[in-house]
Structure formats: C-alpha cells, structure tokens
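Hi there,

Here is the structure I promised to pass on to you. Have a look at it first, and then read my notes below.

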Amino acid sequence: MSFETLFTGTATAIGGRNGHSQTSDGSVSVNLGFPKNGVLEPGKTTPEHLFATGYAACFGSAVEAVGKQKGLDVTDSAVTVAASLGKVDGGFGLSVKLSLKAPKLSKEQTEEVLEAAHQMCPYSKATRGNIPVELVAE
C-alpha cells in the first residue's frame, strides 16, 4: 500500500496518564488524569477522551463523504464515540462504541452510511481487527 502524507500532527506527553500532553503547534494542551472511583478530577481529561474526539471527527468526515457519494442528506448528523479502557488478557485494551444519528435519513439509510463510513474512515481502518468496535445506527 502506498502512502502519501497529507498532514502530520505531533504531540508530546510527559507524565503518562497523570501528566500533560501538548501538540507541537500548541493547538491542544491538556492535563491528563486517571478517574478515581469513576470520577475524573476537574480540568483533566483522559487518553480515551482524546481518542474518542479524534475518531468522532474523522468518522464525521467519512459520513459526509459517503452521503455525498450516495446522494443522501447527512446534514445535522452526529457521530458519538465512546472509547473504553478495560482489562484484557495480559494487561489493558480499548473498545469503541460508535453511534451515528442522521435525522434526515431512515434507519436503513443510516445503517448503510454507517457501514460505508466505517470502511472509509482512517480511524476505523487503524482499529479494524485490533479492538472491538460496535456500530450503532440511532
């Protein structure tokens, strides 16, 4: 597979899950924390939040591209990604629940767009076969 770089985002983290992460251009600068008893300290975020944000944005662009290709109105569509950290054999792993709400489409059309976008989205390609991804058409 050939690869032509269009853009590279670079970030550095210091201190792991209880540290700080920042992009090289300063566009993202976050304090990281690990939830204690399910509660995250105010002003902090997690790697899962950051992953979910990126995946949702990327998948949303794939939904728009699929809508255009198929002549479907995906205006006002919302992609929600829930990225979960969990225990797996040998340590920890991730899972994702990816939901698409497309108010101008039927349930069947929403499912069609969801499946096609999942084939197109770079995040979906990167996670395919590596972590569980549940697709939900709302």
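How far should the 24 residues of helix 1 span at 1.5 Å a residue? They should span 34 Å, and the end C-alpha atoms of helix 1 are 34 Å apart, which agrees. The expected span is 1.5 Å times one less than the number of residues. Helices (H or I, at least four residues) and strands (E, at least two) are DSSP runs, numbered from the N terminus.

Before going on, please keep in mind that this is a predicted model, in which local features need pLDDT of at least 70 and side-chain atom pairs count only at pLDDT 80 or more, while totals for chains, interfaces and linings use all residues. Residues are numbered from 1 along each chain as its sequence is written, and side-chain values use heavy atoms, with hydrogens and water left out.

**Helix 1**

The buried residues of helix 1 include Glu48, Ala52, Tyr55, Phe59 and Val63. Buried means under 20% relative accessible area, exposed means over 50%, and partly exposed lies in between (1.4 Å probe, protein chains only). The buried residues of this helix pack against strand 5 (78–88), strand 6, helix 2, helix 3 and strand 7. Contact here means heavy atoms within 4.5 Å.

Take a look at glutamate 48, which sits in helix 1. Its relative accessible area is 10%, so glutamate 48 is buried. Apart from neighbours within four places in sequence, glutamate 48 touches Arg17, Ala83, Ser84, Leu85 and Leu94. Just after helix 1 comes glycine 71, with a positive phi of about 70°.

**Helix 2**

Helix 2 (residues 107–120) has 14 residues and should span 20 Å; its end C-alpha atoms are 20 Å apart, which agrees. Thr110, Val113, Leu114, Ala117 and His118 are buried in helix 2. They lie on the same side of helix 2, because they cover an arc of only 135° around the axis. The arc is that of the directions from the helix axis to the C-beta atoms. As a general rule, an α-helix has 3.6 residues a turn, so residues three or four places apart point the same way.

**The hairpin**

Strand 1 (residues 11–14) and strand 2 (residues 20–23) pair in the antiparallel sense over 4 bridges; pairing needs at least two bridges found by DSSP. Threonine 12 has glutamine 22 in strand 2 as its bridge partner. The two strands form a hairpin with 5 residues between them, and glycine 15 in the turn has a positive phi of about 95°.

Enjoy exploring!
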